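Trainee: I would like to go through the labels used for this structure. For each one, tell me what it rests on.

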Amino acid sequence: MLIKIPRTCDSIESQVTPESIYLSRRSLLGGSVALLAAGAMPQWASAAEASRYADVEAGNAPAWFTDKLSQTQWQAMTVAGEAITPFKDATHYNNFYEFGTDKGDPAANAGSLKTEPWSVVIDGEVGKPGRYALEDFIKPYALQERIYRMRCVEAWSMVIPWLGFPLADLLKQVEPTSKARYIRFETLKDPQTMPGQRSDFALIDWPYVEGLRLDEAMNPLAILAVGMYGRELPHQNGAPLRLVVPWKYGFKGGKSIVRISLTTEQPKTTWQQIAPGEYGFYANVNPTVDHPRWTQARERRLPSGLFSPNVRDTLMFNGYGDEVASLYQGMDLRKDY
Ligand SMILES: Nc1nc2c(c(=O)[nH]1)N[C@H]1C(S)=C(S)[C@@H](COP(=O)(O)O)O[C@H]1N2
Ligand SMILES: [Mo]
C-alpha cells in the first residue's frame, strides 16, 4: 500500500503530464525551438487559442483581451528543451499573500477579486502621467507569448507561457523625465476582496510594492503580462496585470498592479522592508549567493513529488545571462543581492 501511493504520484506528477505536453508541442513545432519570428506560423493564429494548452481551464476573458489574441505573436520566446509546467500546477501552487499564505489559498480565495473595472495610474517622473482604464492602457500594444522560466526565492521553479508586452514599450509611451531612475509597481489594496489583507498576518504593510532600476525595466525581457496559457490571467496569478522579470526571483513580479510610478529614489519594496538581510532590491536569480536559510544552487522544478523530486541546478540569472548580465557590470552581486 505505502509503495503504491508514491508510485502514483511519481508518474502523474512528474512525468506523464508535463512530458506529454512537451512532446505534443514539439511535434507541432516540428522539433524547432526558440525565438521564432513574428508571423512564422500564421495558421496558428486562427486556431482556438485555449486549445494550445491541453489542460487549460477556460477563462472568462474581457472583449479587449479576445480582440488582442488574434494579433498575438505566439512563441515570441521559448525555453528550449524544458517542459511547460502543467496549467493545474501553475494555478494551484501560488504565492499571493493577499489571498492567504498557503500555496493553495490563492486558487481557493481569489475568486473574490474584481478585475472589472480596473484602472492603472501612471505618475511620478513622466511626461505623460494619467489614469487609464485597463483596456485603454493596453490598447497601444500587441501581445506576445513569452515562455519563461520562473524561479521563486523559495527554491521551486516553473516554466510558464505568459501573454504580455514589453515594459519598455510602455515606458516609451509615458516618456520618463531625465530625473527618472527607478520604476515602482504598486498592487491592489482592497481588504474587502482580499482576505489576506484583513487577517492578522501583519507581516506585510499593504499594498505589496515592487520596483526595478530603469535600465532593468527597459530590458526587452521585462514584460507586463495580462494572460498565460493562451487565455487571460487567472485571478490567482495576478489578474488583470502583473510584472514578469524572468531573471529575478518571483517575488519581484508584482500581481494585480494598479499604479506604476517613475521615481528618482530607489523604491522601498515589500520584501526588502520585511527582511532586508534575506531579500534584496535586485533579487537576481543567483546560484552562488545562498539565502541565509537555504541554498540557492538548486531548485525543485514543479511538479515535483516528495518521492520523485525533480531537482535541477539553478542557472545564473535564471538562464538569461546573455540578455541581462551587462546590466550588472561592475556590481558586487554578493552585496547587491
Ligand atoms: N501582489 C503580490 N504579488 C506577488 C506576490 C504576492 O504575495 N502579492 N508573491 C510573489 C511571489 S513570492 C511569487 S513566487 C510570484 C508567484 O507567481 P505565480 O503564483 O503566478 O506563480 O508572485 C509574486 N507576486
Ligand atoms: Mo516567490
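Mentor: Start with Arg213, whose side chain is joined to that of Asp215 by a polar contact of 2.7 Å. Keep the conventions in mind: this is a predicted model, where local features need pLDDT of at least 70, side-chain atom pairs count only at pLDDT 80 or more, and totals for chains, interfaces and linings use all residues. Residues are numbered from 1 along each chain as its sequence is written, chains are lettered from A and ligands numbered from 1 in the order in which they are written, and side-chain values use heavy atoms, with hydrogens and water left out.

Trainee: What makes the pair Arg213 and Asp215 a polar contact?

Mentor: A polar contact is a pair of N or O atoms within 3.5 Å; within protein, one must be able to donate a hydrogen and the other to accept it, and residues adjacent in sequence count only if both atoms are side-chain atoms. The side chains of Arg213 and Asp215 are joined at 2.7 Å, so the pair falls within the 3.5 Å limit. The Arg213 side chain also reaches the backbone oxygen of Leu327, at 2.7 Å.

Trainee: Why is Arg213 called buried?

Mentor: Its relative accessible area is 14%, and buried means under 20%, exposed over 50%, partly exposed in between (1.4 Å probe, protein chains only). Arg213 is therefore buried. It sits in strand E7 (residues 209-213); helices (H or I, at least four residues) and strands (E, at least two) are DSSP runs, numbered from the N terminus. Not counting residues up to four places away in sequence, Arg213 touches Arg181, Tyr182, Phe281, Tyr282, Leu327, Tyr328 and Met331, where contact means heavy atoms within 4.5 Å.

Trainee: Is Glu278 buried, partly exposed or exposed, and what decides it?

Mentor: Glu278 has a relative accessible area of 23%, so the label is partly exposed. The residue lies in the loop between helix H9 (270-274) and E12. Its side chain makes a polar contact of 2.7 Å with the side chain of Arg293. In sequence Glu278 and Arg293 are 15 residues apart, and their C-alpha atoms are 8.5 Å apart in space.

Trainee: How do you know that strand E5 is largely enclosed?

Mentor: In E5 (residues 156-166), 11 of the 11 residues are buried, so the rest of the structure largely encloses the strand.

Trainee: Which strands pair with E5?

Mentor: Two strands pair if DSSP finds at least two bridges between them. E4 (residues 144-151) is antiparallel to E5 and joined by 8 bridges, with Arg146 opposite Trp162. E8 (residues 223-228) is also antiparallel, over 5 bridges, and Leu224 there is the bridge partner of Phe165. E12 (residues 298-301) runs parallel to E5 with 2 bridges; Ser157 has Arg301 as its bridge partner.

Trainee: What lies between E4 and E5?

Mentor: The two form a hairpin with 4 residues between them, and Ala155 in the turn has a positive phi of about 75 degrees.

Trainee: Which polar atoms of the protein lie close enough to ligand 1 to be listed with distances?

Mentor: A polar side-chain atom of Lys255 lies 2.7 Å from a ligand oxygen. A backbone N or O atom of Tyr97 is 2.8 Å from an oxygen atom of ligand 1, and one of Asn95 is 3.2 Å from a nitrogen atom of the ligand.
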